[in-house]
Amino acid sequence: MRRRRRPAQELRVAIEWLPIDTKRAMLDAIEHNRIIVGAYTDRDGGVCPMLAAHRNGGRTSYASFARAWDSYTHASHRSRPATEREITTLRAMLEASLASDAPDGTTLGKAIADHRELQHRAPRPKADTGERDRTPELRKREGWAWTRLFRRYEDYELAMAELEGESRGGVDVTRSDELNLRDHAVR
């Protein structure tokens, strides 16, 4: 089961994914606009941080930031002004993210996109180990995969007992599906 992140961690990750221009616009916007929670705008002129950034030049459509912001602020079906604590946290996360971005303008989102692009390229050829593949030659030969793995320890023990029995003179060993284990059960 996948573990869910805490709302503050989700917001931090969403901020890291924002482009640098959007982060700067959002920082400027929270200084000059009334920030709200739970809607894009309200009747009193308040705006959500993403819309405020958009109006200040950070033209990005990023739905996961809006979800993370609403989750962090515990937004309900009605809009409300953001608390001072929420705005301070948002400002601190934006400043920290800008400080961690490389001076050449690269971001975590750019690095991840580059990594995914590299993954989709043609796979590297396998290195030649010098050993030849004998599968076609041995495929029809009985018992050629004598080193196979066992799924259960009991099957391994049974195989070992059979091998020991064959080496002692052919003693017949009962298969695991034929064993009656009722008498040996621990109570």
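In which helix is P7 found? P7 lies in helix α1, which covers residues 7–17; helices here are DSSP runs of H or I with at least four residues, strands are runs of E with at least two, and both are numbered from the N terminus. Please keep in mind that this is a predicted model, in which local features need pLDDT of at least 70, side-chain atom pairs count only at pLDDT 80 or more, and totals for chains, interfaces and linings use all residues. Residues are numbered from 1 along each chain as its sequence is written, and side-chain values use heavy atoms, with hydrogens and water left out.

**Overall layout**

- The protein has eight helices and two strands, and from the N terminus their order is α-α-β-α-α-β-α-α-α-α.
- Of the 187 residues in the protein, 27% are buried (buried is under 20% relative accessible area, exposed is over 50%, and partly exposed is in between, with a 1.4 Å probe and protein chains only).
- Among contacts (heavy atoms within 4.5 Å) with a separation of 6 or more, 62% join residues 24 or more positions apart.

- P7 is partly exposed, at 28% relative accessibility.
- Leaving aside residues up to four places away in sequence, P7 touches S71 and Y72.
- The C-alpha atoms of P7 and Y72 are 4.7 Å apart, although 65 residues separate the two in sequence.
- Helix α4 (residues 63–73) packs with α1 at about 155°, and the axes are 8 Å apart; axes are lines fitted to C-alpha atoms, for helices over the stretch in contact, and angles run from 0 to 180 degrees between N-to-C directions.
- The two helices α1 and α4 are therefore roughly antiparallel (over 145 degrees; under 35 is roughly parallel, 65 to 115 roughly perpendicular, and the rest oblique).
- The α1–α4 crossing is left-handed, a term for a near helix turned anticlockwise from the far one by less than a right angle.
- On the α1 side the meeting residues are P7, A8, E10, L11, A14 and I15, and on the α4 side S64, F65, A68, W69, S71 and Y72.
- By type, this α1–α4 contact has nine nonpolar residues, two polar and one charged (nonpolar: Ala, Val, Leu, Ile, Met, Phe, Trp, Tyr, Cys and Pro; charged: Asp, Glu, Lys and Arg; polar: the others, Gly among them).

**The α2–α5 pair**

- The axes of α2 and α5 come within 10 Å and cross at roughly 150°, which means α2 is roughly antiparallel to α5.
- The crossing of α2 and α5 is left-handed.
- I20, K23, R24, M26, L27, I30 and E31 of α2 make the contact with I87, L90, R91, L94, E95, S97 and L98 of α5.
- Eight nonpolar, one polar and five charged residues make up the α2–α5 contact.

**Salt bridges**

- The count is four salt bridges, each defined by a side-chain nitrogen of Lys or Arg within 4 Å of a carboxyl oxygen of Asp or Glu.
- One of them joins E31 and R91, at 2.8 Å from N to O, and it links E31 in α2 (residues 20–32) to R91 in α5 (residues 84–100), 60 residues apart.
- E31 is partly exposed at 47% relative accessible area, whereas R91 is buried at 19%.
- Another pairs E86 with R80 at 2.9 Å, N to O; E86 is buried at 6% relative accessibility, while R80 is partly exposed at 28%.
- E117 and R121 also form a salt bridge, at 3.6 Å from N to O, and E117 is partly exposed at 46% relative accessible area.
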